[in-house]
Amino acid sequence: MTESAPTALGLDFGTTNTVVALSGGGDGSRLISFEGDDATGEIFRSALCFWEDADVRFGVASEAGPWAIAEYLQSPLDSRFVQSIQH
Amino acid sequence: MIALIENEQGFPLYEAVGQIKRALSARDEAQFFFSGGGVDINAVVSRHAFEQWIADDLRRIEAAMDAVLVKATLAAADIDRVFLTGGSSLIPAIRAIFERRFGVDRLATGGELTSIAHGLALIGSEANPAEWSA
């Protein structure tokens with residue numbers, strides 16, 4: 001380990017995309033990459049999806065970013081998809 | 001419009017619009033194609049037409065830039081470097097506003113989708129981040 005832990009987080013919560021960077025642990029800043037099926041790396045779509053699910057707390061399940069899009073496309077009539085959230 | 005809403009076509013339409021907006025940043029005209037919910041649209045859209053549709057936004061962006069210079073009590077000639085970022089900075093008409101005012105040599109760009117997050121993180125790790133708040 002040559003770098004210490006980051007001390008600052010930059011969050012660009014944009015209308016279309018959200019991007020996160022960390023800095024303070026050495027030179028410059030580095031982007032956070034999201035991983036997994038349907039992931040789109042560092043560019044995370046500013047989107048949410050909600051749907052009813054009796055098995056989860058409060059009966060409403062949710063996903064964000066690329067996973068919200070995947071959920072919505074899988075069952076568009078049984079979910080609520082929200083984007084351009086700032087407006 | 002009702003067919004698009006009833007058939008949950010909002011997202012595919014949004015994606016199709018995003019696609020042609022990106023295409024028009026690179027070309028003078030592009031094909032808009034949308035098919036879904038019983039609605040079929042196939043049309044050529046020119047960059048010129050797109051620029052007419054966003055003309056009010058372009059004027060507001062230019063006015064905001066002027067307001068920043070006034071607030072900073074600086075003339076355009078006093079600015080050494082202008083860094084354009086954000087997806088909209090890829091729109092040629094927006095870049096043209098800044099080229100007219102500052103000249104192409106003083107414009108810089110890069111990391112259009114990620115540079116804001118980098119900049120915010122760097123500000124956050126400064127000794128006094130409050131200096132950067134408007």
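Against which strands and which helix do the buried residues of H1(A) pack? They pack against strand S4 (44-45), strand S5 (47-52), strand S6 (60-64) and strand S7 (79-83) of chain A, together with helix H2 (10-26) of chain B.

This is a predicted model, in which local features need pLDDT of at least 70 and side-chain atom pairs count only at pLDDT 80 or more, while totals for chains, interfaces and linings use all residues. Residues are numbered from 1 along each chain as its sequence is written, and chains are lettered from A and ligands numbered from 1 in the order in which they are written.

Helix H1 of chain A covers residues 65-74, and its buried residues are A:Gly65, A:Trp67, A:Ala68, A:Ile69, A:Glu71 and A:Tyr72. A residue is buried if 20 or more other C-beta atoms, placed from the backbone, lie within 10 Å of its own. Two residues are in contact if their C-beta atoms, placed from the backbone, lie within 7 Å.

Chain B has six helices and four strands, in the order α-α-β-β-α-α-β-α-β-α along the sequence. Helices (H or I, at least four residues) and strands (E, at least two) are DSSP runs, numbered from the N terminus. The radius of gyration of chain B is 19 Å, well over the 14 Å that the globule rule gives for 134 residues, so chain B is more spread out than a compact globule. That radius is taken over C-alpha atoms, and the rule is 2.2 Å times the number of residues to the power 0.38.

| Property of chain B | Value |
|---|---|
| Span of the C-alpha trace along its principal axes | about 55 × 35 × 25 Å |
| Buried share of the 134 residues | 10% |
| Share of contacts with a separation of 6 or more that join residues 24 or more positions apart | 51% |

Within chain B, the axes of helix H4 (residues 55-71) and helix H5 (residues 92-102) come within 11 Å and cross at roughly 30 degrees. H4(B) is therefore roughly parallel to H5(B) (angles under 35 degrees). B:Leu58, B:Ile61 and B:Glu62 of H4(B) meet B:Ala93, B:Ile94 and B:Ile97 of H5(B). These residues divide into five nonpolar, no polar and one charged. Ala, Val, Leu, Ile, Met, Phe, Trp, Tyr, Cys and Pro count as nonpolar, Asp, Glu, Lys and Arg as charged, and the others, Gly among them, as polar.

The contact between the chains takes 14 residues from chain B and 22 residues from chain A. On the chain B side, helix H6 (residues 115-124) gives the largest share, eight residues. By class, that side has seven nonpolar, six polar and one charged residues.

Terms used
Axes fitted to C-alpha atoms, helices over the stretch in contact; angles between N-to-C directions. Parallel < 35°, antiparallel > 145°, perpendicular 65-115°, else oblique. Buried ≥ 20, exposed ≤ 12 C-beta atoms within 10 Å, placed from the backbone.
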